[in-house]
Amino acid sequence: MTETLLSVRGLRKAFGGVQAVDDVSFELHSGELLAMIGPNGAGKSTCFNMINGQLKPDAGSVLLQGADIAGRRPRDIWRRGVGRTFQVAATYASMTVVENVQMALLSHHRGLFDPWRRAARLHRDQAIGLLEQVGLADRADDPCSTLAYGDVKTVELAVALANSPKLLLMDEPTAGMAPRERNALMDLTRRLVKEMGIGVLFTEHSMDVVFGHADRVIVLARGELIAQGVPDAIRSDSRVAEVYFGSGKLTGISHA
Ligand code: ADP
Ligand code: MG
């Protein structure tokens, strides 16, 4: 059995009168791709933001390799090995692909406050190595603004991996992508996760992507965790089907 990387216990968060996350508990192992699904407003992003430190839980614990990180600051949690994909598209579009990854490496090595110009020289070999892993080394010196959308998403993945996370959080990583691009990105994520032995928690609207790529699935509805299991078990879970459609089957349905 692989190591328990993340253990979430009794997590709760309310906004005014809305119980956004209501006593959620689950575990995630190293090398595992865990999908969190649920209708809009189910509490997925709120859960993510409590794990990455953007939000303080009202109650509950978030154990990363046994250490409680609940309520710690985002930067502290990130330093302990919880990475997430950021949208580099908007901010760093004018930088080249390799510069984006070098910036992430600089930040990882705490050179964040060095003049950005130094990014052009530092960590270039390591950045190229990461781009080779994600299959984008041939675009290293192109501005990000010239990349196709799917490739920008792949750069975001490389940037997240630059910080050598133990746990990677991906909230809707494939939003806005065509089905074929979604599958390519999740295939790549899966391969890298297995190679690097890290754990991934991701949300995704396309059921095809979820059932095709996740090792396990947890389902939230109105803040509560209503089901968890392997994709086949979730696919045939009547409570899950009810939450999504009132009744019927989940197979092949996308509500993005
Ligand atoms: P999901 O990501 O599953 O779509 P969210 O976690 O974003 O769901 O939202 C869960 C619930 O919490 C929703 O009812 C949403 O309106 C509410 N909510 C989320 N963030 C805030 C906030 N910052 N302030 C007030 N209500 C919020
Ligand atoms: Mg969300």
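1. Basis of the model. This is a predicted model, in which local features need pLDDT of at least 70 and side-chain atom pairs count only at pLDDT 80 or more, while totals for chains, interfaces and linings use all residues. Residues are numbered from 1 along each chain as its sequence is written, chains are lettered from A and ligands numbered from 1 in the order in which they are written, and side-chain values use heavy atoms, with hydrogens and water left out.

2. The shell around ligand 1. The residues that surround ligand 1 are F15, V18, A20, P39, N40, G41, A42, G43, K44, S45 and T46, where a residue is near a molecule if one of its heavy atoms lies within 4 Å of it. By class, this shell has five nonpolar, five polar and one charged residues; here Ala, Val, Leu, Ile, Met, Phe, Trp, Tyr, Cys and Pro count as nonpolar, Asp, Glu, Lys and Arg as charged, and the others, Gly among them, as polar. Helix 1 gives the most to the shell, with three residues; helices (H or I, at least four residues) and strands (E, at least two) are DSSP runs, numbered from the N terminus.

3. Polar contacts of the ligand. A polar contact is a pair of N or O atoms within 3.5 Å; within protein, one must be able to donate a hydrogen and the other to accept it, and residues adjacent in sequence count only if both atoms are side-chain atoms. A backbone N or O atom of G41 lies 2.7 Å from an oxygen atom of ligand 1, an N or O atom in the side chain of K44 is 2.8 Å from an oxygen atom of the ligand, and for the side chain of T46 the corresponding distance is 2.6 Å. Of the 560 Å² of accessible area that ligand 1 has on its own, the protein covers 57%, with areas taken from the Shrake-Rupley method with a 1.4 Å probe and, for residues, only the protein chains shown counting as cover.

4. G43 in the loop. G43, which is found in the loop between strand 3 (33–37) and helix 1, is buried, with a relative accessible area of 7%; buried means under 20% relative accessible area, exposed over 50%, and partly exposed in between (1.4 Å probe, protein chains only). G43 and A221 are 178 residues apart in sequence, yet 7.5 Å apart in space, C-alpha to C-alpha.

5. Four strands form an open sheet in the order 2-1-4-5, with antiparallel pairing, and two strands pair if DSSP finds at least two bridges between them. The edge strands are strand 2 and strand 5 (67–68), each of which pairs on one side only. Strand 4 (residues 59–64) is joined to strand 5 by two bridges, and L63 stands opposite D68 in strand 5.

6. A buried lysine. K13 lies in strand 1 (residues 4–15) and, at 12% relative accessibility, counts as buried; its side chain reaches the backbone oxygen of K56 at 2.8 Å.

7. Strand 8. Five of the five residues of strand 8 (residues 199–203) are buried, so this strand is largely enclosed by the rest of the structure. Four bridges join strand 8 to strand 3, in parallel, with L201 as the bridge partner of L34. Strand 7 (residues 167–170) is likewise joined to strand 8 by four bridges, also in parallel, and there F202 is the bridge partner of M170.
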